[in-house]
Amino acid sequence: MTEAADSFSRFLRTYWRRLHLVACRYTQRGEDAEDLVQETALRAWRHYAPRSDQSFRAGWLFTILRRVASEWARTAQRRITLVPVDHEELTEMAPSDLTEPFAPLPSTTESRFREFLDDEIVAALDALEPNYREVVVLAVVGDLNYREIAEVLDCPIGTVMSRMARARRALRDRLSGVAKAKGWRTETVR
Amino acid sequence: MTCSEVRQYLFAFLDNELDAVLSMDVQQHLERCPICARECEIEHVIQQRLAVNLQAGADVPDFDGGNLDQLLSAEPLPPSAPAAPRMWRVRRLALRGALAASLVFAATLLIVFGTGNHEKDASFVDMLVDDFEHFVDEGQPLQVASSSPDEVAEWLRERTDLAVRLPAVDPTLGALMGGRKCKIHGVPAAFAIYRMGAGLASVVALRESDRVLTGWRRIERDGHTHWIDECRGHTILACRRGDLLYLVVSRLSEQELAPLMHGSEI
C-alpha cells in the first residue's frame, strides 16, 4: 500500500463506525447505508490529499456522505431525511420559545425512566422533522461538534446552535406526549 | 443568569459548545437551582440513551483493510474536478434550470401536437443521461479498473447478482476502463465505462427486460434488435439479452458507438 493509501486507510478507519451510524439514519436500511459509506469512501479517496488542510477533517468526510445520501435519495426516489432548508427563516425565528419551560417528563429517579427512553427514543427521533433529526444524528452518533456540523450543512454555526436547541426541544415534546399517553406521572416545572 | 436564560443555553452547555464565561454562568446557576439542575439531568440522560440506542440498533460491518485495498487500487476517471461544493451546486442549479426549461418545452409540444400513439418513458431516459453526466462530469471513481471485459463482468456479476456480459471492442476503436455497481430506481444495476475514440460511453445492465421501449427507433443489426433514442445531446442504445436490459449512453453518435453493439457479447 502506498503512503497516501496507508494514510487514507487510517483516516477512514477513524470515522468508519460513525459514518455507518449516520448513514443508517439517512437510509433506514443497513444495506443501503453500506452502499452510501462505500461511495463516500470512494469519493473521499478520489479527492484525498494528505498534505492538504482539507483532508483529515470529519466535517469534510460527513459533507461527502450527506451529498451521497442526497443523490441516493434523488436517484432511488426513496424517502429521505434531507430537505433543503431556508437558513434565514430558521435563524430569524424568535428565540423566545427556547427560554420557555421544558415539556414535562418523569424524573430520572423513576426506576423505569431509562427503560421508557430505550423503548421510545428512536421512534421519537424518527418522528422529528428531517432538518431537526439530521442535526441531532450528526451530533449524537456522528460525534461532530457544532463547527463541523455547520460545515456539513453549509450554514452558520449560530444556525446549528438554534436548530439543535429546537430539535432537542421537539424530541422532548414528543417523549413527553408519549409518556403522558402511557400514563406516566410527569411533573411540569416552571 | 436566570432560569429562562439557562434553558436557552442548556443544550449548548451539555454539548460543551459555550465559551468559558457563559459555561461558568450556567454551571453556577445549576449549582444553586434544583429545578434547572433536574432539567439538565433529564436532558443528559435523554442524550445518553439516544446515543446508546442508535448504536445498538445498527449493524456496522468491520473495517476491512482487504476491501479497502481494492477500493484504493481502482483508477479514478479523468478528468478530475477537485471537490468544490459551491460550484457543484451551481452546476446542479443550472442543470435543474435546463431541465425545467426542457420540461416546459416538452409540455408545450404535447399541447400543440398531442401525444400521438407513442408515449415514451422520458423520465427513464432522462435519468440515464443524468447518471452518465454525473459520472463523467464529476469524475466519479471506478470500483474495478480493468480493460478486460471478462474480468470486469465477473466482478460485476459477483456484486450485483446479474448475469452481466460486457462487449469486447477492437483496441484501435476503444477500450474498457472499468466498472462499478449502482442502483437505478432502487434496482441493482451494473455499470461499465468505455473510452471510445475521443469520448466516453457507459454500459448499464439491469434486470428490466420487460421495460417497454415505446417511442424508440428500432433497428435490426447482425440478427439482433436494438433500440435507439436521443436525449439532451446524448445517444442511448438499448438491447435485451436474457433477462437483462443493456443500455449504452454517450455523447458520441450511433455510428461511433457501433463497435460496442457489433458482434459483441451484447
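Guide: One begins with a cut-off: a residue is buried under 20% relative accessible area, exposed over 50%, and partly exposed in between. The model shown here is predicted. With 43% relative accessibility, B:Arg217 therefore counts as partly exposed, whereas B:Glu254, at 14%, counts as buried.

Visitor: Which side chains meet in a salt bridge with a distance of 3.2 Å, N to O?

Guide: In general, side chains of opposite charge can pair when their charged atoms come close. Here the side chains of B:Arg217 and B:Glu254 form such a salt bridge, at 3.2 Å from N to O. B:Arg217 belongs to strand 5 of chain B and B:Glu254 to helix 8 of chain B, so the pair ties together parts 37 residues apart in sequence.

Visitor: What is the strand order of the open sheet in chain B?

Guide: The eight strands follow the order 1-2-3-4-8-7-6-5, with antiparallel pairing. Strand 1 (144-145) and strand 5 (217-221) of chain B are at the edges with a single partner strand each, so one side of each has no neighbour in the sheet. Helix 8 (residues 254-261) of chain B lies across several strands, including strand 5 and strand 7, and runs at about 25° to strand 7 of chain B.

Visitor: Which residue of chain B meets A:Arg172 in a salt bridge?

Guide: The partner is B:Glu43, at 2.9 Å from N to O. This pair crosses between chains, from helix 8 (residues 157-181) of chain A to helix 3 (residues 34-56) of chain B. A:Arg172 is buried at 1% relative accessibility, and B:Glu43 is buried at 2%.

Notes
Residues are numbered from 1 along each chain as its sequence is written. Chains are lettered from A and ligands numbered from 1 in the order in which they are written. This is a predicted model: local features need pLDDT of at least 70, side-chain atom pairs count only at pLDDT 80 or more; totals for chains, interfaces and linings use all residues. Side-chain values use heavy atoms; hydrogens and water are left out. Two strands pair if DSSP finds at least two bridges between them. Helices (H or I, at least four residues) and strands (E, at least two) are DSSP runs, numbered from the N terminus. Contact means heavy atoms within 4.5 Å. Axes are lines fitted to C-alpha atoms, for helices over the stretch in contact, and angles run from 0 to 180 degrees between N-to-C directions. A salt bridge is a side-chain nitrogen of Lys or Arg within 4 Å of a carboxyl oxygen of Asp or Glu. Buried means under 20% relative accessible area, exposed over 50%, partly exposed in between (1.4 Å probe, protein chains only).
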